[in-house]
Every structure is written in C-alpha cells, then in structure tokens.
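Here is a short briefing for a first look at this structure.

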Amino acid sequence: MKEFIEKMPKAELHVHLEGTLEPEHIFSLAQRNNIELDYSTPEEVIAAYDFHDLPSFLTIYYAAMNVLRTEQDFYELAYHYFERAKADNIIYVEPFFDPQAHTSRGIDFETIIGGIKRAQEDAEVKLGIESNLIMCFLRDMSADSAMEHLEMSLPFKDHIIGVGLDSDEKNNPPEKFAEVFAHARAEGYKLTMHCDVNQEDILGHIRECLDLINVDRIDHGVNCLEDDGLVQEIVSRELGLTICPVSNRFVVQSLTSAEIKKMLDQGIKATINSDDPAYFRAYLNDNFIALAEEGKFTKEDIVQLSRNAFDIAWLPDSRRQNYIDLLNEFNSN
Ligand code: HPA
Ligand code: ZN
C-alpha cells in the first residue's frame, strides 16, 4: 500500500504555503534578513511545536512568518513546496496564501504575489506541476480588511482562482464575510471556507457556508457527519471536502479515518491533504500512508480519494480529464 500511495498521481487542494515553511528555511531566511530568532537550531524550533488546538498552532505559525520579507523569500517558500510536492507525485495543486499575515507586517501585496507567481511558473516548466492560487482572508481580522485585500488582488485576478477563509474560527462565522464573498463571486473567484474540526458552533458554520455563502468547496468540514441534513446537501451539490488527517490528529487525537471512510460510503467527495506540512511534520504521502494504517481502506478507496481531488479541482473539464486519465492509467497497471 505504501508504494502504491507514493506512486499514485495526486492533487493537493488544502495546503497553506506559509505552512510549508521548514525550520531550516526559517534559519536561512533569518540570517539573510538579519532577524534574531528565539531558537538556536532548527531542532529547537521543532521541539517547540506543541499544538493541541487551532489557536496554539496559529501563534507559532504567525510568529515564524516574520522571516519572510522579500520577493525572493516568497519565491523560495513556494518553490521548495513544489519540489517537495514533486517528490510525492503531486501533479496539480491549489495552494493557499495568507496576504494579510504579511501586509500587516509592512510587506507589499505585489512582493508576496510576485514571488509566488514566479515559483508557480518555474514549477510548471521545471517540475511539470500545475497550480492555481487561492487567497485566504484571516477571519480574526475585520471584514473591511478582507474587502481591502480583495480589491488589492483584482489586478492579479488572472493568477488567483479563488478565495478562502482561515485562521481563528471562534466567534468568526462565515456570515461575518458574506459581503466580501459575494463581491469575490461577482469578480469571478471560486469560494471556499475553513470549517475546522470541532470548532464552536461548527454545524452552524457549515450551514452558513451552504445557505448564505454558497461555497464551491469546504475546507475540513468533518463535523458535517453529525447532521444528516448537511450530509444530504453536500452530497446532492457534489461539494468537495478537503480533509487533513494529520492536522486533525492534533485536535481530536485521531486521523478521522473512520469519518473519512464513512464519507466515501455516503458519496461525499472527500479528499486528503496536508494543511501545514512543515508544522505537522507530514506531507501528502505521509497523510495517506498514516490514514491507510489507521483505517480500513482498500486500494480502490485510496484511488477514489485521489480521484475526488481531481473531480473537485477548479480546472477546465479537459484538463481535469487529462489528470483523471493519468490516475486511471496508473490504477490499471
Ligand atoms: N485552520 C485555520 N487556519 C489555518 C490553518 C488551519 O488549518 N492553517 C493555516 N491557517
Ligand atoms: Zn487549513
């Protein structure tokens, strides 16, 4: 199974580029940008990764980003991820980025997007990895700030396929951003939102995503299984869910393998993703392999999880079919 997973062509639809910042890279960037760190080795940084819920993760995640300053820094961040993705046989990616986490530190939007875009172009040519960017708003910042960043993104609309919503979910429901997301939709962006596992009023948040925001996808969303009405709606709309097993384990002490199996049985388009692989110390193949060890999945289930990702990817149908053909070809050999 491990070898099968490693060789299987895959798409990744839930990975925060800032969550791919490896400790070694934090050190090299700190040195280049003359920034003092509280740690003296990358191992010390990893030892401080003590997450047990979303806020405890976010504190460390935002602090580390301070080393990202120049266009070249953002280029390297993204390109290192694409190289790592290549090693996992990922052929298509829709990565998230968090512009407000950088503009709030005085970094220009152009610097961020310029570096990432250049890495995407190089990854396509040199690594054969296609990608489409998703811009996330930080839900613990104001709706006005989100709207300002939406406006800032418009000159770069050709390089951004959709918008998402991440960061601290407590008291920051989808409804807070209804106007921003309606505006994003009118500008042609696809829409997704995090509904992180076991958050306060999570079923209410999922319901708002469906009824108020009319999302094209939900990030995480595992808790939908607790409400038959939500499941029915998600199945009938063929809405994809981007599940992140190792990320879930930090909150619920399980890879949610039983839930993922149930989703497949119920016809929900569940996908497997790494979320913040540098922090959770698990890239995409690690997530699949750990999941297959914890749960009862056949090879067909594993292929279905990969097929779901291509099915729900924001791609033109001809591109989608090319990828599904590659996956089918792999599966028939
Ligand atoms: N949830 C919310 N915000 C985030 C996450 C996440 O998993 N990763 C990075 N920002
Ligand atoms: Zn996430």
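Histidine 220 sits in strand 8 (residues 217–220); strands are DSSP runs of E with at least two residues, helices are runs of H or I with at least four, and both are numbered from the N terminus. This residue is buried, with a relative accessible area of 1%. Buried means under 20% relative accessible area, exposed means over 50%, and partly exposed lies in between (1.4 Å probe, protein chains only). Histidine 220 is not a glycine, yet its phi is positive, about 70 degrees.

This is a predicted model, in which local features need pLDDT of at least 70, side-chain atom pairs count only at pLDDT 80 or more, and totals for chains, interfaces and linings use all residues. Residues are numbered from 1 along each chain as its sequence is written, chains are lettered from A and ligands numbered from 1 in the order in which they are written, and side-chain values use heavy atoms, without hydrogens and water.

- Distant parts of the chain are linked here: histidine 14 is in the loop between strand 1 (10–12) and helix 2 (23–32), and aspartate 275 is in the loop between strand 10 and helix 14, 261 residues apart.
- Both histidine 14 and aspartate 275 are buried.

**Ligand 1**

- Around ligand 1 are His16, Leu54, Phe57, Leu58, Tyr61, Asp166, Ser167, His194, Asp196, His220, Asp275 and Asp276, each with a heavy atom within 4 Å of it.
- One nitrogen atom of ligand 1 lies 2.7 Å from an N or O atom in the side chain of aspartate 196.
- A nitrogen atom of ligand 1 is also 3.2 Å from an N or O atom in the side chain of histidine 16.
- An oxygen atom of ligand 1 is 2.8 Å from an N or O atom in the side chain of aspartate 275.

**Serine 274**

- Serine 274 lies in the loop between strand 10 (269–272) and helix 14 (277–280).
- It counts as buried, at 1% relative accessibility.
- Beyond residues up to four places away in sequence, serine 274 touches Glu12, His14, Val15, Phe280, Ala282, Tyr283, Leu284 and Asn287, where contact means heavy atoms within 4.5 Å.
- Its C-alpha atom is 8.6 Å from that of asparagine 285, eleven residues apart along the chain.

**Nonpolar cores**

- In the largest nonpolar core, which has 114 residues, Phe181 and Tyr279 touch the most other members.
- Helix 5 (residues 71–87) gives the most to this core, with eight residues.
- A nonpolar core is a set of buried Ala, Val, Leu, Ile, Met, Phe, Trp, Tyr and Cys residues joined through side-chain atoms within 4.5 Å.
- A second, separate core has five residues, among them Phe96, Ile134, Cys136 and Ile161.

- Pro245, Val246, Ser247 and Asn248 are buried in helix 12 (residues 245–252).
- The buried residues of helix 12 pack against strand 8, strand 9, helix 13 (257–266), strand 10, helix 14 and helix 15 (284–294).
- Glutamine 253 follows helix 12 and has a positive phi, near 55 degrees.
- Glutamate 238 also has a positive phi, of about 55 degrees, although it is not a glycine.
- Glutamate 238 is in the loop between helix 11 (228–236) and strand 9 (240–243), and is exposed, with a relative accessible area of 57%.

- Serine 153, in helix 8 (residues 143–153), counts as buried at 0% relative accessibility.
- Glutamate 130, in strand 4 (residues 130–131), is buried, with a relative accessible area of 13%.

Methods. Polar contact = N/O pair within 3.5 Å; in protein donor to acceptor, adjacent residues only side chain to side chain.
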